[in-house]
Amino acid sequence: MTTPELPTQYIPAEVEAPSYERWVSKGYFVADPGSSREPYCIVLPPPNVTGVLHMGHALDHSIMDALTRRARMQGKETLWLPGMDHAGIATQNVVERELAKDGLSRHDLGREAFVERVWQWKAESGGKIQGQMRRLGDGVDWTRDRFTMDEGLSRAVQTIFKKLFDDGLIYRAERIINWCVRCHTALSDIEVEHTDDEGELVSIRYGSGDVSIVVATTRAETMLGDTAVAVHPSDERYRHLIGQEVELPLTGRRIPIVADEHVDPAFGTGAVKVTPAHDPNDFEIGRRHSLPSLTIMDERGVITAHGPFEGLDRFEARPAVVAALRAEGRIVAEKRPYVHAVGHCSRCKTVVEPRLSLQWFVNVGPLAKAAGDAVRDGRTRIHPPELAKRYFDWVDDMHDWCISRQLWWGHRIPVWYGPNGEVVCVGPDEQPPAGYVQDPDVLDTWFSSGLWPFSTLGWPERTADLERFYPTSVLVTGYDILFFWVARMMMFGLYAMDGQPPFRVVALHGMVRDQYGKKMSKSFGNVVDPLDWIDRFGADATRFTLLRGANPGADVAVSEEWAAGSRNFCNKIWNATRFALMNGAAVGSLEGLELTAADRWILSRLQSVIAAADAAFEEFEFAKACDLLYHFAWDEVCDWYLELAKVQLSQGLDHTRLVLGHVLEALLRLLHPLVPFVTEELWRAVTGGESVVIAPWPVADQRYADPAAEAEIAALQELVTEIRRFRSDQGLKPSQKVAARLAMSGTAVAGHETAIRSLLRLETPGEGFTPTARLVVGGVTVEIDTAGAIDVAAERKRLEKDLAAARKEAAQVAAKLGNEQFMAKAPADVVAKVKARAEQAAADIARLEGQLAELAGRE
RNA sequence: GGGCGGUUAGCUCAGCGGUAGAGCACUCGCCUUACAAGCGAGGGGUCACUGGUUCGAACCCAGUACCGCCCA
């Protein structure tokens, strides 16, 4: 094999794009549902069509790519299915902003033209993230790329809507929903973000004289819509008032005082104002007591009617109402600032307004129960298991899901209304009766996203993909999406697929944070762009940095320094392989070779590392897998085996090339799922093969397990390290050769004199050899002529330090052995270990004391 | 207010009953012919606090303090 010319540094930019294009054009990532291999499938959580790649995606994608690349190498029929969702509100907002530049609104265009315009935007500007996924190296099957608004997926939406409707699980009702006064649409509970905001708590006296009561509120303006005051039935303070009416200030209306179990007597005055049209709890109270609902705001959050307040925005109305009440002497107390939780639109951050409105809902009761049961009975496993509780908390107490949105971009609700109030739900191949009018609203984006694990595989058709790849193997996502999306997919998957859950495992990871563990945010200025890292450090380094921090379910802190460290690691592998190739490393059979202890050691270690890496991958312990491979590659292969191999090669042990090739080739395969680009380049150079993407995953071969060789090399390492320490203490430069006499017959390292002399730059003593120092390590005596005056002080310092440590150890261990309880109750193996430590410590003490005495004699 | 998680080296995190670890940062010495994106050596921790269980606790239990997240 010819040795390719590799530059002395790994330059990611030169290999990444060509490798990726080759992978795709070779069709490595295209799954075949007709194969007989075991299926392995992951659906990509679809990013927004408006989205761009951020660190959270980079982590999520790195994990999925690692899992699917390994599965592919394991010989599984592997499908990683990509796609995007249509992001109703976000996308509509983007296009509306574009129109606004020309002074237009969507209403100027009309619905049809507007939707056409959105499709046009998608074609021109949407899906930037897909190009960015290629930069990261995502091995997705682009031939199966899906979009939630595609025809097939839209058909799935209509199909399941009809099925749910016919089963009575979708209904239309007037309820309090979360309303965004800016987006002019309803939102589901999960599209509302709660933050602790500063507001005010105002206590207002309703009524007068004997019939008067004080209520407290953070939203004083809503008092205009109050239709009752509620107190707890057993609250002695107010019992006499229950059933009476009280005068509502500013309005002249009289409202009843009702008793309701849900009032908390301990909160505030124990009396609450009831505004059924503008508060979900009040709505429930209103229902229980048949109270009227008075809507006092329009869809923009502007007060309607009510004299002087008419036309005021809700936030203008608040102080105006308080001022008017104060003028009437109604304000009993005011607390400002008063910090309380306020809901905001997750899309535009506007304060959400609870609003009474006619909307479509999913009755989630039976669906959520099934979603919980699938995890409870183990059909779907949540990993790490601690997070399952959060899932249960959510699905076991889920409110009905408001699915209608007052938008134009999305799947239009397939319900048509007849002239006499008829309501017809229309399936995919059905026609509405003539003269019927379709509901103007569209469905929540999460409604179609909830179908993702099966709609993308062809449902409702029983396609080959669906048969083969459903249920999918693993869902990888952040724990923050557990409720948003996972629960929805579980509900719909179980419902549509006859009780088969959409995933066997849900593997959750955390958020990516900055180097101080702070959340990345634009306002804080600590956002890192993964593409910037890919440009500067390479895709592999970016991925490795994220994966190396990815402990299951835990957040990942990253910084530029760590990315540089990962780049250095890639470079290390690069140079190790370069060295091996320069020395003729090759892949071939190891049968019949006369392996040295060093060979047997590294081969033995390789088997342990394969087994450990496998175990880590199986449990989604990516940080562990990275750490393991990092240390094996750097500390064992590069630092020790390569140095020992140099010695072997110089001794003419040509088989070393095969061992080098074998170990590196396996290491590159092990690393490939984590750092695909550099491993591809090097693996091809080492093997001359087509691609590591389709190479088999390493399997540990216990025939190579060799504890004796491991012990032998450990002894060698101890000796070498100890003498290096001496050299360093004595100020001997690494390159400086010194004469030394080694007495090591009968020790574990007896056969390694050449390697020891080479690694330590120790020359064979010549005529008139006069050692200036004598060291004893593990039974080996090393006499060295330091070629000058020995630094006795440095040597004494080191020996004394070691002696102190040995004495401390001896004392600790002696205390244990002298403890009757310990001797009686501790397990035998522990006692044996402690005894061994005691013997070692005693030997160390004797040796060190001897060396110190010898040193004293020379002063 | 309810629930969950965390508190281990300067920073970020592993370890989860039997001799305190990693990466980065730091100190010293080296352009030793794969790699200075490197090599060798080294310093650094009463494992938040208080009790308890145990022969033995960073690890198990209880409580406290602080931090974070989710839900209301």
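Helices here are DSSP runs of H or I with at least four residues, numbered from the N terminus, and a residue is near a strand if one of its heavy atoms lies within 4 Å of it. The model is predicted, with local features requiring pLDDT of at least 70 and side-chain atom pairs pLDDT 80 or more, whereas totals for chains, interfaces and linings use all residues. Residues are numbered from 1 along each chain as its sequence is written, chains are lettered from A and ligands numbered from 1 in the order in which they are written, and side-chain values use heavy atoms, without hydrogens and water.

RNA strand B is surrounded by 50 residues, the closest being Q9, R578, P734, K801 and K825. Of the atoms of RNA strand B that come within 4 Å of the protein, 64% belong to sugar and phosphate. Helix 18 (560-582) is one of the helices that each supply at least two residues of this surface, and helix 18 gives the most, with 11 residues.

| Residue and its atom | Atom of RNA strand B | Distance |
|---|---|---|
| Q515, backbone N or O | sugar or linking oxygen | 3.2 Å |
| N571, side-chain N or O | sugar or linking oxygen | 3.2 Å |
| K646, polar side-chain atom | base nitrogen | 3.3 Å |

E680 lies in helix 22 (residues 676-687). E680 counts as buried because its relative accessibility is 0%, where buried means under 20% relative accessible area, with a 1.4 Å probe and protein chains only.

Conventions:
Polar contact = N/O pair within 3.5 Å; in protein donor to acceptor, adjacent residues only side chain to side chain. Buried < 20%, exposed > 50% of the residue type's maximum accessible area, 1.4 Å probe, protein only.
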